[in-house]
Amino acid sequence: VGGITFNQTGWTIAGGFLQASTSTTAGTLAISNTGATNVISSVIQNTSATIKTAVTVTGANSTLTFSGTNTYTGGTTVTGTGGTTVLLITSAANINLGVANALLTLDGGTLLGAFSPSSTAKFQVGNGGAFFNANAGTINLSGTIVDAPSASNGGVTRNGTGPINWGATSTFSGGLTLNGGTLFLNVAQNYTGNTTLTGLAQ
């Protein structure tokens with residue numbers, strides 16, 4: 001599959017598997033979900049043992065749920081404006097964050113869910129910022145949060161009422177904004193920029 005475009009709400013893609021339509025190099029499964037709420041429960045996998053699939057999610061004012069136990073290892077990128085493009089997951093397996101050195105990039109996108117990724121997972125912040133929403137339960141961030149390539153001022157925003165446990169030293173730029181809920185800082189942080197507290201940090 002080269003790409004999926006949702007033009008309306010209420011669709012579920014279920015059964016079988018999805019993978020990037022490439023046979024010689026790593027490919028990207030591009031998903032557009034604008035102004036809609038939809039679900040993909042099919043398994044997203046690599047094209048082969050040596051050809052990875054990466055996933056990109058774009059849109060605005062939308063929520064896309066990954067509910068399958070996906071196995072792709074090319075990384076996940078969520079792009080939007082002001083956190084209005086939301087990717088909802090129910091476990092680290094939905095975007096295969098459990099694999100060693102898994103990569104998630106948020107560039108104006110929001111990750112919503114309750115999950116615990118691998119300690120080697122890496123989170124990248126684009127210039128649009130990274131948004132984490134814990135309304136669906138506890139988020140345990142044991143991997144580092146760093147600037148994406150060519151990004152320098154995105155910042156991290158924490159939304160929702162559930163707790164987020166932040167267990168690795170991070171070096172992103174653009175500051176940290178806490179909008180409600182609780183953020184547990186379990187280790188010292190090296191991010192740069194202002195810290196805006198409208199919730200509680202410990």
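The side chain of Thr85 reaches the backbone oxygen of Thr79 at 3.4 Å, and one of its polar atoms lies 3.5 Å from the backbone nitrogen of Ala60. Both are listed here as polar contacts (N or O atom pairs within 3.5 Å; within protein, one atom must be able to donate a hydrogen and the other to accept it, and residues adjacent in sequence count only if both atoms are side-chain atoms).

| Side chain | Backbone atom | Distance |
|---|---|---|
| Thr85 | oxygen of Thr79 | 3.4 Å |
| Thr85 | nitrogen of Ala60 | 3.5 Å |

A quick word on provenance: this is a predicted model, where local features need pLDDT of at least 70, side-chain atom pairs count only at pLDDT 80 or more, and totals for chains, interfaces and linings use all residues. Residues are numbered from 1 along each chain as its sequence is written, and side-chain values use heavy atoms, with hydrogens and water left out.

Back to Thr85, which sits in strand β10. Is Thr85 buried or exposed? Thr85 counts as buried because its relative accessibility is 1%; the cut-offs are under 20% for buried, over 50% for exposed and partly exposed in between, with a 1.4 Å probe and protein chains only. Setting aside neighbours within four places in sequence, Thr85 is in contact (heavy atoms within 4.5 Å) with residues including Val57, Ser62, Val78 and Gly108.

Strand β10 (residues 85-89) runs parallel to β8 (residues 62-66), and five bridges join them. Within β10, Ile89 is the bridge partner of Phe66. Both strands belong to an open sheet of nine strands, paired in parallel in the order β2-β5-β8-β10-β12-β14-β17-β19-β21. At the edges are β2 (12-13) and β21 (195-197), each pairing on one side only. Pairing here takes at least two DSSP bridges. Overall, the chain has zero helices and 22 strands, counted as DSSP runs (H or I of at least four residues for helices, E of at least two for strands) and numbered from the N terminus.

Phe66 turns up again in the largest nonpolar core, which has 40 residues; Phe66 and Phe132 have the most contacts inside it. Such a core is a set of buried Ala, Val, Leu, Ile, Met, Phe, Trp, Tyr and Cys residues joined through side-chain atoms within 4.5 Å. Beyond four places in sequence, Phe132 touches Leu106, Phe123 and Ile164, among others.

For the chain as a whole, buried residues make up 48% of the 202 residues. The C-alpha atoms fill a box of roughly 45 × 35 × 30 Å along the principal axes.
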